[in-house]
Amino acid sequence: MNIILLGPPGAGKGTQAGFLVAERGMVQLSTGDMLRAAKTSGTEMGKKVAAVMDRGELVTDEIVIGLIEEQLAGGEGSGSGFIFDGFPRTLAQADALAVLLEKVGQKLDTVIEMRVDDSALVKRITGRFTCGGCGTGYHEEFKKPVKDGVCDKCGGSDFKKRADDNEESLKTRLMAYYKETSPLIGYYYAKDQLQSIDGLGTMEAVASDITKALSKVS
Ligand code: AP5
């Protein structure tokens with residue numbers, strides 16, 4: 001099953017994708033993670049996108065479509081399906097995804113829109129941090145490590161915040177979402193592929209709503 005998790009910054013796309021990877025063995029394709037990896041490894045592309053990402057603006061369609069094309073052509077783990085997390089983000093990317101999936105003989109099964117209001121998004125984004133060692137995600141209020149200052153997974157104590165997780169960049173990211181990405185809600189509704197869920201509940205409640213949504217298409 002191939003699905004898109006669609007929602008504004010902080011809606012919980014990455015969190016829920018992580019659950020689906022663990023429970024169903026699906027493959028998470030997060031363009032945000034791919035771009036951050038390119039930034040960290042200092043590739044030419046990484047250098048090109050770093051400032052754009054830190055400001056909270058969208059990277060060009062050409063770059064992100066190229067990243068997804070590479071992954072789909074690799075076909076890795078496609079047996080259990082792909083979770084597109086943070087992609088597509090523009091109508092051009094959505095059109096490109098349809099073409100790329102067709103090329104590899106696959107289809108999109110459903111798009112899950114996660115609805116969360118702006119004040120909750122600000123709280124989620126500004127409280128987020130990750131373990132620098134293993135990348136496990138946490139939140140100052142909603143998902144603290146069991147032992148303060150120590151990663152539950154790897155025992156590391158080097159925690160990091162994303163460069164774009166500040167109020168200024170978040171405003172730009174939200175604006176990009178409403179201007180460029182939210183038209184995809186109508187786009188997928190018209191294709192009869194959209195399911196909308198309440199993303200404001202607990203992580204477990206949201207996961208349960210996603211399970212229900214997936215059962216309608218499997
Ligand atoms: P990207 O990495 O995709 O960031 P984003 O869309 O802004 O999404 P986030 O990762 O911030 O949020 P999320 O929805 O995954 O929430 P999470 O689960 O972490 O993109 C970053 C940048 O890369 C973009 O700005 C752009 O520059 C570029 N880019 C990426 N893709 C692109 C594309 N296709 N085209 C162009 N440019 C692109 O949750 C957030 C926090 O809330 C966490 O701390 C979590 O623990 C907590 N939380 C999660 N769920 C809940 C819950 N139910 N209750 C309470 N807390 C919760």
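Helices here are DSSP runs of H or I with at least four residues, strands are runs of E with at least two, and both are numbered from the N terminus.

This is a predicted model, in which local features need pLDDT of at least 70, side-chain atom pairs count only at pLDDT 80 or more, and totals for chains, interfaces and linings use all residues. Residues are numbered from 1 along each chain as its sequence is written, and side-chain values use heavy atoms, with hydrogens and water left out.

1. **The cavity.** The structure holds 1 cavity of 30 Å³ or more. A cavity is a set of points, on a 1 Å grid over the protein atoms alone, where a 1.4 Å probe fits but cannot get out; lining residues have an atom within 4 Å of a point. Points are joined across faces, edges and corners, and a volume is the space filled by probe spheres set on them. The largest cavity has about 50 Å³ of space.

2. **Its lining.** Helix H1 (13–24) and helix H9 (203–215) each supply at least two lining residues of the largest cavity. H1 gives the most, with 5 residues. Among the lining residues are Phe19, Leu20, Ile210 and Leu214. The lining divides into 5 nonpolar, 2 polar and 2 charged residues. Here Ala, Val, Leu, Ile, Met, Phe, Trp, Tyr, Cys and Pro count as nonpolar, Asp, Glu, Lys and Arg as charged, and the others, Gly among them, as polar.

3. **The second largest pocket.** A pocket is an open set of grid points with protein on both sides within 12 Å along at least five of seven lines. The second largest pocket has about 190 Å³ of space. Its lining includes Lys143, Lys144, Asp152 and Lys153.

4. **Backbone points to check.** Most residues other than glycine have a negative phi, and most peptide bonds are trans. Phenylalanine 87 and proline 88 are joined by a cis peptide bond, with omega about -5 degrees. Proline 88 sits in the loop between strand S3 (82–85) and helix H5 (91–103). Aspartate 192 is not a glycine, yet has a positive phi of about 65 degrees. Its loop runs between helix H8 (183–190) and strand S8 (194–198).

5. Aspartate 109 counts as buried (under 20%), at 17%. Aspartate 109 lies in the loop between H5 and strand S4 (110–115). Its side chain makes a polar contact with the side chain of lysine 107 at 2.4 Å. Such a contact is a pair of N or O atoms within 3.5 Å, one able to donate a hydrogen and the other to accept it.

Notes. Buried means under 20% relative accessible area, exposed over 50%, partly exposed in between (1.4 Å probe, protein chains only).
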